[in-house]
Amino acid sequence: MTAHEIDYRIYGEEMQYVEIELDPQEGVIAESGSFMMMDDGIKMDTIFGDGSQKDKGFLGKILGAGKRILTGESLFMTAFYNDLVGKRNVSFASPYPGKIIPIDLTEFGGKFICQKDAFLCAAKGVGIGIEFSKKLGRGLFGGEGFIMQKLEGDGMAFVHAGGTMAERTLEAGEIMRVDTGCIVGFTQDIDYDIEFVGGIKNSIFGGEGLFFAKLEGPGKVYIQSLPFSRLADRVIASAPKAGGKGRGEGSILGGLGDLLDGDNRF
């Protein structure tokens, strides 16, 4: 598998986007809905699966699309090609506040494993597949279930982390415990399992769930400080309920609190 060699530049701090520079006939694939802008001369094409070389033929394309259904993604991906002479740029934006992480698959032995909604875009030729968990406990309680995404090939890929991103390199036998929702991705040599928090008080009143993700080296791990599920839960909890009001700054004092902090609306 030989992916297209693309150049890139990442812009922004909290709400980032990545600009991909395409030489003539070079291409990039992206998740539906991540497109931001492109130069004149870029051709857009909707494809089944990831469009990599391993998906040759009708059956290969169907299998590639089926893998995406299992990971909860759309049947289709979007490919962008430079059809003109000279360099052209196409940009893709992160879906919520956080960081875009460039992944050079040649540095990770041609394979990187990430959570199902982390993938943003990649050079044409990179394969986006599925990684099944062979451990029952991880599948039932690991947050991501039995299936995660795997990125394979020898090109550049880009994944998105919510909030601030932490990058850790674990030595052989070194163990790190993480909230299951905070994992962005890790290299193929990392041993990923789940571990019971332990203790009645911790389990019932700790508020962190019943299980940690246990990551054991050697390898590299990427952790996000703000998983989208956590952000969505906070927004939903603070949203106005039907016939009522949201949990705002003055919620403890009710209407009086809203009046005092200037949020009262008539």
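Accessible areas here come from the Shrake-Rupley method with a 1.4 Å probe, and for residues only the protein chains shown count as cover. On that basis, the chain has an accessible surface of about 14,100 Å², with 56% of it belonging to carbon and sulfur atoms.

A word on the source: this is a predicted model, in which local features need pLDDT of at least 70 and side-chain atom pairs count only at pLDDT 80 or more, while totals for chains, interfaces and linings use all residues. Residues are numbered from 1 along each chain as its sequence is written, and side-chain values use heavy atoms, with hydrogens and water left out.

Of the 266 residues in the chain, 42% are buried (under 20% relative accessible area; exposed is over 50%, partly exposed in between; 1.4 Å probe, protein chains only).

| Residue | Relative accessible area |
|---|---|
| Cys114 | 0% |
| Cys121 | 0% |

The structure holds 0 disulfides, a disulfide being a pair of cysteine sulfur atoms within 2.5 Å.

Now to the fold. The chain contains 5 helices and 19 strands; these are DSSP runs numbered from the N terminus, helices being H or I with at least four residues and strands E with at least two. An open sheet of 6 strands runs in the order S5-S6-S3-S10-S13-S8, with antiparallel pairing; two strands pair if DSSP finds at least two bridges between them. At its edges lie S5 (42-48) and S8 (98-104), each pairing on one side only. Within the sheet, 4 bridges join S3 (residues 27-30) to S6 (residues 76-82), and Val28 stands opposite Phe80 in S6.
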